[in-house]
Amino acid sequence: MDIKVVRQIMEWNENCHEELQQHFNDKKILMINIMGSPGAGKTTFILKLIEELKSENLRVGVIEGDIAGKIDAEKMAEKGIPVVQLNTDGACHIEAQSIKNIVPEFDLDDLDILIVENIGNLVCPAEFDIGEHLKVALLSIPEGDDKVEKYPLMFTRSNALVLTKYDMKDYFGFDEERVIKNCKAMNREAEIFKVNSLKGDGLKDFICWIKGFIIKSN
Ligand SMILES: Nc1nc2c(ncn2[C@@H]2O[C@H](COP(=O)(O)OP(=O)(O)OP(=O)(O)O)[C@@H](O)[C@H]2O)c(=O)[nH]1
Ligand SMILES: [Mg+2]
Ligand SMILES: [Zn+2]
């Protein structure tokens, strides 16, 4: 399968977040922006999530954001998932204009959900709205239980915090209460999920939550 690769060019001023969101509403697409550090488990989470969503007849497309290469897009394509690779050539976040440029590559009438895997970075992806309905921050257990305090914007602006690699919890002395307390203190509405993406444990709760946002066709 040939993977379309699009480059992000940072020469615009227009913020088309609201226009994009309206377009997704018109097309009845739920758009989810997945963020987190390099290696937090974003791709593994998305792959397992889509596997489970498929069994519920929900159709998902993916935009894979990476500074370079198409390793993650290839993983999606292998599973027959409609995917476009966005390469930022060094930029450490995705902007709305890039999403606007890429959206025509998808047949939105054939999708229910569009997922963006943002650049691996706990800092500036949180600053940019990219047409999404939901921002989801992934924090993996091995990264440590102080990250919510050290990178507050990510956890303040996200609708959900997913603790990934939850199967590793006993090996890293991870103080889950500390993380939840700090996250809730800065973002009372944040949903919190605990997931092992290798096996899918904990994904059901996440799916149940996003289903509340799926825009029904009729
Ligand atoms: N034990 C365990 N390992 C996991 C889990 N999720 C991901 N991993 C592993 O963590 C590593 C990184 O996972 P990726 O899904 O590639 O992480 P990513 O956030 O997409 O990484 P970048 O795209 O490079 O930022 C891989 O070796 C995965 O197999 C999990 O729930 N449990
Ligand atoms: Mg990835
Ligand atoms: Zn950046």
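## Surroundings of ligand 1

In this predicted model, ligand 1 is surrounded by 17 residues, of which Gly41, Lys42, Thr43, Thr44 and Gly120 are the closest. By residue type, the shell around ligand 1 comprises nine polar, four charged and four nonpolar residues. Helix H2, spanning residues 42-54, makes the largest contribution to this shell, supplying three residues.

## Helix H2

Helix H2 consists of 13 residues, and the distance from its first C-alpha to its last is 18 Å, close to the 18 Å expected at 1.5 Å a residue. Its buried residues are Lys42, Thr43, Thr44, Phe45, Ile46, Leu49, Ile50 and Leu53. Among the buried residues of H2 are therefore Lys42, Thr43 and Thr44, which also belong to the closest surroundings of ligand 1.

An α-helix has 3.6 residues a turn, so residues three or four places apart point the same way. Within H2, Ile46, Leu49, Ile50 and Leu53 are among the buried positions.

## Nonpolar core

The largest nonpolar core contains 57 residues. Those with the most contacts inside this core are Ile99, Ile113, Ile115, Leu138 and Val162.

Once neighbours within four places in sequence are set aside, valine 162 contacts Phe45, Val136, Leu138, Phe193, Val195 and Phe206. One of these partners, Phe45, is a buried residue of helix H2. Another, Leu138, is itself listed with Val162 among the residues with the most contacts inside the core.

## Glycine 61 in strand E3

Glycine 61 lies in strand E3, which covers residues 60-66. This glycine counts as buried because it has 24 C-beta neighbours inside 10 Å, the threshold being 20 or more.

Apart from residues up to four places away in sequence, glycine 61 touches Pro82, Phe106, Leu111 and Leu114.

## Residues with positive phi

Most residues other than glycine have a negative phi. Lysine 28 has a positive phi, near 55°, and is placed in the loop between helix H1 (17-26) and strand E2 (30-36). Lysine 28 is partly exposed, because 15 other C-beta atoms lie within 10 Å.

Aspartate 89 likewise has a positive phi, of about 55°, although it is not a glycine. Its place is in the loop between strand E4 (83-87) and helix H4 (96-102). Aspartate 89 has 10 C-beta neighbours inside 10 Å and therefore counts as exposed.

Conventions: Residues numbered from 1 in each chain as written. Chains lettered and ligands numbered in written order. Predicted model: local features only at pLDDT ≥ 70, side-chain atom pairs only at ≥ 80, totals over all residues. Helix = DSSP H or I, 4+ residues; strand = E, 2+ residues; numbered from the N terminus. Buried ≥ 20, exposed ≤ 12 C-beta atoms within 10 Å, placed from the backbone. Near = placed C-beta within 6 Å. Nonpolar A, V, L, I, M, F, W, Y, C, P; charged D, E, K, R; others polar. Contact = placed C-beta atoms within 7 Å. Expected span 1.5 Å × (residues − 1). Core = buried A, V, L, I, M, F, W, Y, C linked by C-beta atoms within 7 Å.
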